[in-house]
Amino acid sequence: MQKQSNIRILEILKYLYLRTDEEHPVTVADILDYLKGKGIHAVRQTVYGDLQDLILAGVDIVVTKSTQNQYFIGNRLFEYPELKMLTDAVASSKVISAEKTNELIQKLCRLTSEAEAMQLRRLAAISSRINPHNEKVYYIMEALNDAISSRKKVSFQYFTFNVRKEQKLRHDGYTYVFSRYKLIWNGDYYYV
């Protein structure tokens with residue numbers, strides 16, 4: 001019985017987290033319908049108790065009192081304007097590939113309700129920007145951050161592509177070595 005109770009309360013939390021926000025509150029009847037669709041039997045009093053337990057556990061569930069109380073998740077890890085700003089930054093980045101941009105925006109969308117996530121996806125104007133095709137940039141950034149953290153030297157060479165799209169070393173293949181550095185994000189690019 002305890003296991004079913006745990007599953008029920010987790011499903012209620014999941015439902016509230018994914019389906020509710022200030023503009024999209026739900027009633028206990030809505031929650032009961034959702035649970036029924038998941039094959040979980042519950043009655044009104046049980047749901048009221050579960051909602052109270054979630055509130056006591058620290059989940060910010062806002063209750064709008066009326067003849068049929070309405071519930072929604074209040075404060076989240078990120079508020080919608082913050083997610084919008086992060087989504088815009090990811091979507092407009094010249095460093096992040098289109099595929100990675102879509103992946104990151106999907107992850108950001110999981111931090112809010114489905115209705116607000118739809119708005120975020122719609123507002124992210126991805127198609128109008130230049131996307132790099134080099135997925136290696138993430139591994140390069142990770143390697144540089146690891147080197148910075150462990151105070152190791154970094155070496156690199158500059159190259160360009162010839163007409164046959166082959167790499168050709170610049171500056172006679174000179175190897176640059178440096179330490180005491182950091183990464184800076186400026187003007188949509190990373191600089192060391």
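**Figure 1. Helix α5 packs its buried residues against α4 and α6.** In this predicted model, the buried residues of α5 make their contacts with α4 (80-92) and α6 (114-123). Which residues of α5 are buried? They are T101, I105, L108 and C109. These residues cover an arc of only 100° around the axis, so they lie on the same side of α5. Helix α5 itself takes in residues 98-109, which makes 12 residues. From its first C-alpha to its last it reaches 16 Å, close to the 16 Å expected at 1.5 Å a residue.

**Figure 2. Helix α3 has a buried side and a face turned away from it.** Helix α3 (residues 44-56) has 13 residues, and its span from first C-alpha to last is 18 Å, close to the 18 Å expected at 1.5 Å a residue. Take a look at V47, D50, L51 and L54, which are buried in α3. Because they cover an arc of only 100° around the axis, they sit on the same side of α3. What do the buried residues of α3 pack against? Their partners are the helices α1 (2-19) and α2 (28-37), together with the strands β1 (61-64) and β2 (70-73). On the face turned away from the buried side you will find the exposed residues Q45 and L56. After α3 comes G58, with a positive phi near 105°.

**Figure 3. Strands β1 and β2 form a hairpin.** The two strands run antiparallel and are joined by 4 bridges. How many residues lie between β1 and β2? There are 5 residues between them.

**Figure 4. T27 is a buried loop residue.** T27 lies in the loop between α1 and α2. Is T27 buried or exposed? With a relative accessible area of 10%, T27 falls under the 20% limit, so this residue counts as buried. Setting aside neighbours within four places in sequence, T27 is in contact with Q68, N69 and Q70.

**Figure 5. F156, Y158, Y174, Y176 and F178 form one aromatic cluster.** The structure holds 7 aromatic pairs. One of them joins F156 and Y158 edge-to-face, with 5.3 Å from centre to centre and 85° between the planes. F156 also pairs with Y176: the ring centres are 5.3 Å apart and the planes lie at 15°, so this pair is stacked.

**Figure 6. The charged end of R76 sits over the ring of Y17.** How far is the charged end of R76 from the centre of the Y17 ring? The distance is 4.7 Å.

Terms used
Residues are numbered from 1 along each chain as its sequence is written. This is a predicted model: local features need pLDDT of at least 70, side-chain atom pairs count only at pLDDT 80 or more; totals for chains, interfaces and linings use all residues. Side-chain values use heavy atoms; hydrogens and water are left out. Rings of Phe, Tyr and Trp (its six-membered ring) pair if their centres lie within 6.5 Å; planes under 30 degrees apart count as stacked, over 60 as edge-to-face and the rest as tilted. A charge sits over a ring if NZ of Lys or CZ of Arg is within 6 Å of the ring centre and within 35 degrees of the ring normal. The expected span of a helix is 1.5 Å times one less than its number of residues. Buried means under 20% relative accessible area, exposed over 50%, partly exposed in between (1.4 Å probe, protein chains only). The arc is that of the directions from the helix axis to the C-beta atoms. Contact means heavy atoms within 4.5 Å. Two strands pair if DSSP finds at least two bridges between them.
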